[in-house]
Amino acid sequence: MQVDTVLAPPLRVPAAGEADLHLPDLGSVDFLGGISGHSLLMGGIVVCLLGLVFGFVTYGQLRRLPVHESMHEVSELIYRTCKAYLVQQGRFLLMLWVFIAAVIVAYFAFLMHYSVGRVLVVLAFSLVGMGGSYAVAWFGIRVNTFANSRTAFAALRGKPYPVYEIPMKSGMSIGMALISVELLMMLVIMLFVPGSLAGACFIGFAVGESLGASALRIAGGIFTKIADIGSDLMKIAFKIKEDDARNPGVIADCTGDNAGDSVGPSADGFETYGVTGVALITFILLAVPDPATQVKLLVWIFVIRAVMIIASGLSYAGNQVMAGRRYAHRDRMNFETPLSALVWLTSAVCIALTYLTSWALIADLGTGLWWQLATIVSCGTLAGALIPELVKVFTSTHSRHVREVVTSSRQGGASLDILSGLVAGNFSAYWLGIAIVGLMGGAYLISTIALGALMIAPAVFAFGLVAFGFLGMGPVTIAVDSYGPVTDNAQSVYELSVIEDIPGVAEQIRAEHGFDVEWERAKYLLEENDGAGNTFKATAKPVLIGTAVVGSTTMIFSIIMALTGGRTEEMVNLSLMHPPFLLGLITGGATIYWFTGASIQAVTTGAYRAVEFIKDNIHLDGATKASDEDSTRVVEICTQYAQKGMLNMFLGVFFSTLAFAFVEPFFFIGYLISIALFGLYQAIFMADAGGAWDNAKKVVEVDLHAKGTALHDATIVGDTVGDPYKDTSSVALNPVIKFTTLFGLLAVELAVQLAASSGTGLTHSLAAVFFVISAYFVYRSFYGMRISDGTGTEDERAEPPAREGARPAAV
């Protein structure tokens, strides 16, 4: 038997590629007794504009909050370093975009025979998508770097409520702006781009979003953990306090909090909403034959998205009123309580409005279909509240798993600390997996009632709606995630400002702001609130990765439909009876494990260089602050290794996607399914193990007051292991899954078109070439990044020496 016969069954030109899809006339169907679908969606644009107004008004309120000049100077320094980092990342993104643009041009111009003008429109929307991710990331760091110094100053009053309120307000500002901008861009395509071009524009837009999110999330994750580890290890080496102003790594750590925990999640969240929306649009146009039904479902989905922005705003306002009444004058509060209340309140309001909106818009779709579709969406919305509760079981400072990590560390040191964290991560992957399966299973059962009369593969649509529901309370999900970097930075700003050492500062604050300063109380509140921030940073990660996996199911269905045209006789290739499909499943798992290792390697090498420099240049005698020159150098080291690591990983993923798409289309489908499933559990395991280690350290610092002890040292080691777990590798898997699936849409159709016109010999030859290139970058992701022992790469030997006259490290 010839190899071609085994690897490549007869290929058909895609029956309905995503780029060929035409949007129906949205004004052809009336709702609510005479309002056209087009008019309803124009109302959605108004909601988006109101959401943007909310975001920018809140931004202005934060900017006007009182702050001491010493703290303001630190937060502005952090912003300047963040800005410099983002400018570099912008140039880096444009370089990466060239690779994507080349594939877009090859596909649309040479195989789809689009005119130059149409190709340029698609390229423009890919830039719009990438620019959207970049813009919301920039807005996020600007808001957060206002909020961090204001939070630090508010803590001086000694009351907990303002320390909670300011990060929450900044988070909602980011969340409302982010979701509103993303929905606005999608509505513009739906309403103002000709229907014949909309499909291609959506694909270009989504690929651009994914590229922006992948680069910013991965590079940001590497940057922040290089800085975090470099800063944290100084506490062990020199027995100095958290965020000691003499440590040159602290400014880089603060920059990293924004680069990794604000820039990355903002871009990631922006992309997640766009990709999920594109997946549902594509499914409806491919699987629903009746144009009127297509219009009803499209309008219904996007009206619900607009309604959920309103629901999030109302829930936030109501929760703030309740929290203010309960905590405004208290001396103690559990910072996690109002955050959890907000999540559950928003979930309940979103579910109620989902049913109401569905009844109003699609009650005539079919007997009972309105409540069935509303219930399926609500399964996802419930997951958006339930998953954070499950994550808290493994990562909260009050959880038994985190306490177990601390208990293990007492006698077993760093070794048992790490083992207990691994246990927490493994258990969390089981329980969160079961929860996701349960909710998806419920959606599947509901889809079997009557959805089959409207579409083919109703279960796939149900899974897409679950992902859509995950994101229903988007502004709040982003808000509680953004809460963390503000609380982390606030603690650092307090220490870096050295405000306690400023002569007469207590009297100055009393005269200018009318309150007496409580120094020790302020530091305690900031540390305690940072623990809550750690917990809620952890809760958003499984929501986003779960959405990526569930949503990718819908996108993979689109590839299957494009390849088979719905012909059931070709579905046998999606089984273990078709060997390439099985081989694809195995290959996807291998890719996930390479990517995990490569991302940790980039952090390890960068942290080694940062630690090396900090040890040689830290001055503990006769200095109150590290020099700007030394702090800037640490930032440069973090940026250098973030970009080196990101380049290797991106090109490895890029060429792997091309290679596997060109091998055989059903091999590639198996590959996509595999990276989604392996990525889901790897990401949950790593995120929650890292969260457990992080908050175990926080328990030792805040509850046990054991800083500087052997127990504290053990938990610091555990935390540095968890840093790249939770904030680099796990979070980067989300955009990688979505980018691979989206880019794969173009790649696999390009491969099928070439095979149909030139034979499989050409596509297999190209697959081999692409694989060799990808293998080179996989190789470089370790051997080009490893720590030099004096015989390493030329790049490593060229590292600049420590500054002359530096104090030698005493470790």
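Me: Which residues are linked in a network of salt bridges here?

Reply: Happy to start there. Side chains of opposite charge can pair when their charged atoms come close. In this predicted model, such a network links Lys225, Asp228, Lys541, Asp694, Asp723, Lys726 and Asp727.

Me: How many salt bridges does a search of the whole structure find?

Reply: That search finds 32 salt bridges.

Me: Which residue forms a salt bridge with Glu271?

Reply: Glu271 pairs with Lys738, and their closest N and O atoms are 2.9 Å apart. Glu271 sits in helix 7 (residues 249-287) and Lys738 in helix 19, so the pair ties together parts that are 467 residues apart in sequence. As for cover, Glu271 is buried, at a relative accessible area of 0%, and Lys738 counts as buried at 3%.

Me: What about Asp244 and Arg246: how do their side chains meet?

Reply: Their side chains meet in a salt bridge too, at 2.9 Å from N to O. Here you can read each partner separately. Asp244 counts as buried, with 5% relative accessibility. Arg246, at 22%, counts as partly exposed, because the partly exposed class lies between the buried limit of 20% and the exposed limit of 50%.

Me: Now for the surface. Which residues make the nonpolar surface patch of about 500 Å²?

Reply: To read such a patch, look for nonpolar side chains with over 30% relative accessible area, joined within 5 Å. In this case Val423, Phe427, Tyr430, Trp431 and Ile434 make the patch.

Me: Let me pick Phe427. Where is Phe427 found, and what is its relative accessible area?

Reply: Phe427 is found in helix 11, which covers residues 400-450. Its relative accessible area is 44%, so Phe427 is partly exposed.

Key: Residues numbered from 1 in each chain as written. Predicted model: local features only at pLDDT ≥ 70, side-chain atom pairs only at ≥ 80, totals over all residues. Heavy atoms only, no water. Patch = residues over 30% accessible without salt bridge, like charges linked within 9 Å, V, L, I, M, F, W, Y side chains within 5 Å. Areas by Shrake-Rupley, 256 points an atom, 1.4 Å probe, with all protein chains shown as cover. Salt bridge = Lys/Arg side-chain N within 4 Å of Asp/Glu carboxyl O. Helix = DSSP H or I, 4+ residues; strand = E, 2+ residues; numbered from the N terminus. Buried < 20%, exposed > 50% of the residue type's maximum accessible area, 1.4 Å probe, protein only.
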